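Here's a short tour of a protein model, written for someone who is just getting used to reading structures. Have a look at the picture first, and then we'll walk through some of its details.

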Amino acid sequence: MKKYMHDLVITANEKLNNQYFLLKLTLNSTLPDMLPGQFAEVLIDDSPTTFLRRPISINYVDKQKNELWLLVQKVGDGTIKMAEYPIGKTLNLVYPLGNSFSNLLPNKKNVLLIGGGVGIAPMLMLGADLKEKGFEPVFLLGARSEKDLLELTDFTQYGQVFTTTEDGSHGEKGYVTQHSILTKQKFDKIYTCGPTPMMKAVASYATKNGIECEASLENMMACGIGACLCCVEDTKDGHKCVCTEGPVFNIKDLKWQI
Amino acid sequence: MADLNINLGGLALKNPVMTASGTFGYGFEFEDFVDLSRIGGIIVKGTTIRHREGNPYPRMAETPSGMLNAVGLQNKGVDYFINKIYPDLEKVNTNVIVNVSGSTIDDYVETAEKLAYLSHIPAIELNISCPNVKQGGMAFGTCAGSAEEVVKAVRKAYPKHMMVKLSPNVTDIAEIARAVEFAGADSVSLINTLLGMAVDAKTRKPVLSTVTGGLSGPCVKPVALRMVWQTAKAVNIPVVGLGGIMNATDAIEFFLAGASAIQIGTANFIDPTITMKVIDGINEYLDENGFGSIKDIIGALEIAD
C-alpha cells in the first residue's frame, strides 16, 4: 500500500475525558485508502522534548466527510501538546502504516473484537469494516471505570457492545476476560488491542479455547516504515518490525508466555 | 543550478548527499517518499558475514533532540544480501554502498571480498565504530593500532572505494583518522553514534535492554562538526560528515567545516522526504550566495587569525 506524508487540518478536537481526546482531521484532496489496524506517525513540532513522531492508531475514516479520526491518550509531553491543538491547525502525518487485521473468512461468522483503554481505537474502524462486509461483529470493551469507556455510541452502530469496568460502574465488574459473554457465546475469531497484560490474557483465553486470535501491538517506534529496526517484537520467526510486519500479529506467531 | 558533483576519492557522486547506514534500510522503504536516483549515495544497513538477530527489545529511547538506539546490527548476513537484496538494488540508479561490520578481522575481510564482486556496489563503508555489539565493532575503532590493522587487512581484499566510519568515542579522532588513511582508506565518514544511556526513574531500570546505546540526532551535531573540522585538517583523504543533520543549513555547516560529502541519518525518521529537501536546499544556498559549485564551500570556514 502506498504511503504518504501529508499536512492534514484539524476539524475537531473533542475532549472525551481528562485522559483521552479525539482528533478529526481532513485533507484538501481525497484521503488515501486505509485499512483497519493501520496507524499514522504524527509530527509534533512544538514540544521541545518530543523528537520523534508519535505512532497513533487510525480510529475511523469517515469517507463521506473525508475525515480521519485519531483517538489519543495523553501519555507524555507530545500527546499532552496534541490535546491542546486548536481547530484549523495543520498536522503532518506519515500514513497509512503497518499491516492490518486480516480479512475474516466467510466461515468465521462469530467474531469478537476486544479492546481495552486506548486500544479500542482500531476496533471502531475494524468493526465498521466488518459490518460493511456483512458480518455481525460483537464488541467487548474494557476500562477502569465508566468515564474511561469511549465512543460507545459509535460502537453500537456496528454491533452488540459488552463492557467491563474494574470498578463495576458500567457493564460487568472485572476484566474483559472475565466477562460472561465468553462463556455464553461461542466465537470463531478474536481481534484484540489494548494493554499488553490484557492482550496476553485474551491470547491465553483464545489459545485454551482453540479460537483464532490476532493482536495489535504498540512497541516503541522511531521511523514507522521499517528502516530503523527499533520496534522489533521477538517472534517464532525471529525479530520482526512491529511497524511494517505488524502491528497486527497472529498470536500463534508470538513468543508470549501465556 | 550550481554544480553539485563531487569526486570523493575516485567515487563519483552526482551530489554530496548520502544516507547514513541503518537509517534508510535498503532504500526501498523510502520509495514512496523520495526518488532514490536523486540521492548521491545510499549506504545500506550494516552487513555482517553471518545473520544477526540484533539486541533484544527495547532498543530505542527518545532523548531531548535525539534518540538512543541499540539495534545491534540486525541483518540477514552478506549471502542473503547478495542473493535476495542486491538484485533489486542493481536497478537503483545511484551509488549503493554497503556498510560492513564484523566481530573479527576475518569477518570484515570475508564480507568485503564477497561484496567486491558486485558490479553495482562501487564502495563499502567499513564500520569500525558500532557501539552496540559485544565483540568487534567499536573496539576496532577506538584505538589507532587496531583500526589500522583491520583497514589494512580489508584493503588487501577490497580493490574499490573503501570509506571508513569512525567512532566519536575516542580522545583524539584525528589520530584514528590518520591511522586509517595510512592503512589505505579512500575516505573517512564521521561520526557514528555517541555512547550514551537512558534511565527510567519510575522503574529504576535502564530503558535499553543493553543499558547503553548510541546517541544520534541534532543533539550530537556540535560534536560531529568539531570532529569533522579536526579530521579534515589532519588527513588528505576526503571526509564525509554526519551527525544530526536535519536540514540543508546543517549540511552547509559540515561542508564549511571540511566535509566533502554528508550523510543524513536520524532525520530520515522524522521526515522521510528530507534527502530531497537537503539536496534542493544546498543548491539554493549555492545559487543565492554566488557559488558555482559545491566544491567552493568545502573547508571554506573563515576563522580569524
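## A helix tucked away in chain B

Let's begin with helix H7 of chain B, where the buried residues are B:Ala248, B:Asp250, B:Ala251, B:Ile252, B:Phe254, B:Phe255 and B:Ala257. Keep in mind that you're looking at a predicted model. H7(B) runs over residues 248–257, and seven of its 10 residues are buried, so the helix is largely enclosed by the rest of the structure. What do those buried residues of H7(B) pack against? Their neighbours are helix H6 (221–234), strand S15 (239–241), strand S16 (261–264) and H9, which belong to chain B too.

## A covered helix in chain A

Chain A has a mostly covered helix as well: in H2(A), residues 121–132, nine of the 12 residues are buried. The buried ones include A:Met123, A:Leu124, A:Met125 and A:Leu126. A:Gly127 and A:Ala128 are also on that list. After H2(A) comes A:Gly134, a residue with a positive phi near 95°.

## Helices side by side in chain B

Now back to chain B, to see how some helices pack. Helix H1 (residues 78–89) and helix H2 (residues 105–116) of chain B have axes that come within 10 Å and cross at roughly 15°. An angle under 35 degrees counts as roughly parallel, and H1(B) and H2(B) are therefore roughly parallel to each other. Their crossing is right-handed. On the H1(B) side, the residues that make the contact are B:Val78, B:Asp79, B:Phe81 and B:Ile82, and they meet B:Thr111, B:Lys114 and B:Leu115 of H2(B). Sorted by class, that contact of H1(B) with H2(B) has four nonpolar, one polar and two charged residues.

H2(B) also packs with helix H4 (residues 144–157) of chain B, at an angle of about 30° and with the axes 9 Å apart. That makes H2(B) roughly parallel to H4(B), and the crossing here is right-handed. H2(B) brings B:Ile105, B:Tyr108, B:Val109, B:Ala112, B:Glu113 and B:Ala116 to this contact, while H4(B) brings B:Glu149, B:Val150, B:Ala153, B:Val154 and B:Ala157. What classes do these residues of H2(B) and H4(B) divide into? Nine are nonpolar, no residue is polar, and two are charged.

## Charged pairs

Side chains of opposite charge can pair when their charged atoms come close.

Another pair is A:Lys255 with A:Asp234, at 3.3 Å from N to O. These two link distant parts of the chain, 21 residues apart: A:Lys255 is in the segment after strand S16 (248–250) of chain A, and A:Asp234 is in strand S14 (residues 232–235) of chain A. A:Lys255 is partly exposed at 43%, and A:Asp234 is partly exposed at 34%. In chain B, B:Arg38 and B:Asp280 form a salt bridge at 2.6 Å, N to O. B:Arg38 is in the loop between S3 and S4 of chain B and B:Asp280 is in helix H9 (residues 274–288), so the pair ties together parts that are 242 residues apart in sequence. Salt bridges with shared partners also join A:Lys189, A:Glu212 and A:Glu214 into one network.

## Backbone details to look up

Where are the cis peptide bonds? One runs from A:Tyr95 to A:Pro96, with omega near -15°, and A:Pro96 is in strand S7 (residues 90–97) of chain A. Another runs from B:Tyr57 to B:Pro58, with omega near -5°; B:Pro58 lies in the loop between S4 and strand S5 (60–63) of chain B.

Two residues have a positive phi without being glycine: A:Asn66, at about 55°, and B:Leu73, near 55°. A:Asn66 is in the loop between strand S5 (60–62) and strand S6 (67–73) of chain A, and is buried at 17% relative accessible area. B:Leu73 is in the loop between strand S6 (66–69) and H1 of chain B, and counts as buried at 7%.

Key:
Residues are numbered from 1 along each chain as its sequence is written. Chains are lettered from A and ligands numbered from 1 in the order in which they are written. This is a predicted model: local features need pLDDT of at least 70, side-chain atom pairs count only at pLDDT 80 or more; totals for chains, interfaces and linings use all residues. Side-chain values use heavy atoms; hydrogens and water are left out. Axes are lines fitted to C-alpha atoms, for helices over the stretch in contact, and angles run from 0 to 180 degrees between N-to-C directions. Helices (H or I, at least four residues) and strands (E, at least two) are DSSP runs, numbered from the N terminus. Angles under 35 degrees count as roughly parallel, over 145 as roughly antiparallel, 65 to 115 as roughly perpendicular and the rest as oblique. A crossing is left-handed if the near helix is turned anticlockwise from the far one by less than a right angle, and right-handed if clockwise. Contact means heavy atoms within 4.5 Å. Ala, Val, Leu, Ile, Met, Phe, Trp, Tyr, Cys and Pro count as nonpolar, Asp, Glu, Lys and Arg as charged, and the others, Gly among them, as polar. A salt bridge is a side-chain nitrogen of Lys or Arg within 4 Å of a carboxyl oxygen of Asp or Glu. Buried means under 20% relative accessible area, exposed over 50%, partly exposed in between (1.4 Å probe, protein chains only).
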